[in-house]
Amino acid sequence: MLSVTPPLLLHRNSTLFFFPSFPIRTRPPSPIRISRCSSGLQEAKDADQLGSDELSASSPFPAVKAAKRVVLVRHGQSTWNEEGRIQGSSNFSVLTKKGEAQAQTSRQMLIGDAFDVCFASPLARSKRTAEIIWDTRKEEMIMDFDLREIDLYSFQGLLKHEGKEKFGAAFQKWQVDAPNFSIDDHYPVRELWARARSCWTRILLHESRSVLVVAHNAVNQALLATAIGLGTEYFRTLVQSNCGVSVLDFTPRAEGGPPYICLNRLNQTPSSPIEAGSSGGRKTSKRIILVCHGSTKMNAEPMDMLGVIKAQKIAELLLDLKVNSIVSSPKEASVETAIAISRVQEAADCLGADSVPRSVEMKQMENLDVENILQKSNKNEMEIPPLQPGCLNGFEDRVVEAVWDQSEKAWQSLLEEVADEAAPEKVVVAVGHPALHIALLGRCLNLTKEWLGSFHLDAGSISIIDFPDGPSGRGVIRCINYTAHLGRWSVPITKSTVNDKNI
């Protein structure tokens, strides 16, 4: 009979280790035998009986007293990442030299940012990443076992080709229908979603305003998805690269209750986000890149100087990617940004990025224009104010509905553009207003207009949607609101743009 340890709270210098009760064994604990004292679902086994809608609709998030920002970071490359071995919640891999370097880059990215606390997975690859990023900070670190990677039971330790050979249909199910994949009498993704919800309770109830969470690919996906109300069917839709940084804002409601939640950015990586990606082992050849025009004044015509600089920075970032076509809103700020991208693309050979000149098709698309809609809601002002996180919640219903309706036409036009069968590889850049791009992200995720306040985009940012199964399949979002290319003009990770006075 297995002995069961009580929950442990171990203090090592300024580090607090939190381990729920679990049987002592070499493989991941069986959730049915675990009483997770902090979980809204008392046994992870309950998750096996729940569908996606039930999981996402389970106990509401606790209220927050003040605006809170949570920064999620995935660990750096590990030895098993490098080998192509399935890690799950095993603890046999460590950071490679590349992984250590990625963590150092993330440390530099966050070095000027203030955090009140760090929650981290105690698995070696994540713990080491957290230690590198946290560096000489004196604030508390909490090692939370519920932040470990997804439990994959018998899959753990196998090379991917071994998984295919040994488990056949089950491995195929894991690749193409992970939410309904089961192994060793468990549904790993459903259990993970339930575990993520329990983590949020502890994170949000902690007396802090700015929180760093360092964990893993799948668990970070679950944290992001459960925060904005997405179910298990969104597993592998919100990409988490090694040391990728994602940001969530939690804002209290005046009437109390669960906070407003906004995904401020997704997967800001140490390396360029335009590198070719894959989903579930499937390479992508079709891609849409959403570029918010460079102007900081949302209806500026022409762009201000800062907007011109941002447009050039965007063009430089995209130089390493062969762009096939650029579509833009007819508004001048969008057109100027599109022209800047086109000029740099066409000079790729002179700039050493290609051996021959590139030919880029340019066109303007009326469906990408929402400035007129937003201007109608702002009759007493000369300019549309810059968008704040979650601010689309504050627009009149008729305005939100008009933006949403416009986005349906724009989304279909973009899918037709990228679906060109004559081009086996197709990259389409769409330049427009942040409000329209937020709605396009919602269309990609098959959401409704009620979700528009759950996303934020800054001027000059890019967001990338890959289609590993082609445009007729589900889009995979590689990054949202990526701004690292803007250098000194990028928005700092922990500098919230939420105005506390209006809360």
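A: Helix α6 (160-167) and helix α8 (188-205) are among the elements that cover the buried residues of α7, cover here being a matter of contact, meaning heavy atoms within 4.5 Å. This is a predicted model, where local features need pLDDT of at least 70, side-chain atom pairs count only at pLDDT 80 or more, and totals for chains, interfaces and linings use all residues. Residues are numbered from 1 along each chain as its sequence is written, and side-chain values use heavy atoms, with hydrogens and water left out.

Now for α7 itself, which spans residues 169-176. Its buried residues are Phe-171, Trp-174 and Gln-175. They sit on the same side of α7 because they cover an arc of only 95° around the axis, the arc being that of the directions from the helix axis to the C-beta atoms. An α-helix has 3.6 residues a turn, so residues three or four places apart point the same way.

Buried means under 20% relative accessible area, exposed over 50%, and partly exposed in between (1.4 Å probe, protein chains only).

Zooming out, the chain has 14 helices and 16 strands; these are DSSP runs numbered from the N terminus, helices being H or I with at least four residues and strands E with at least two. Of its 503 residues, 58% count as buried. Among contacts between residues at least 6 apart in sequence, 73% join residues at least 24 apart.
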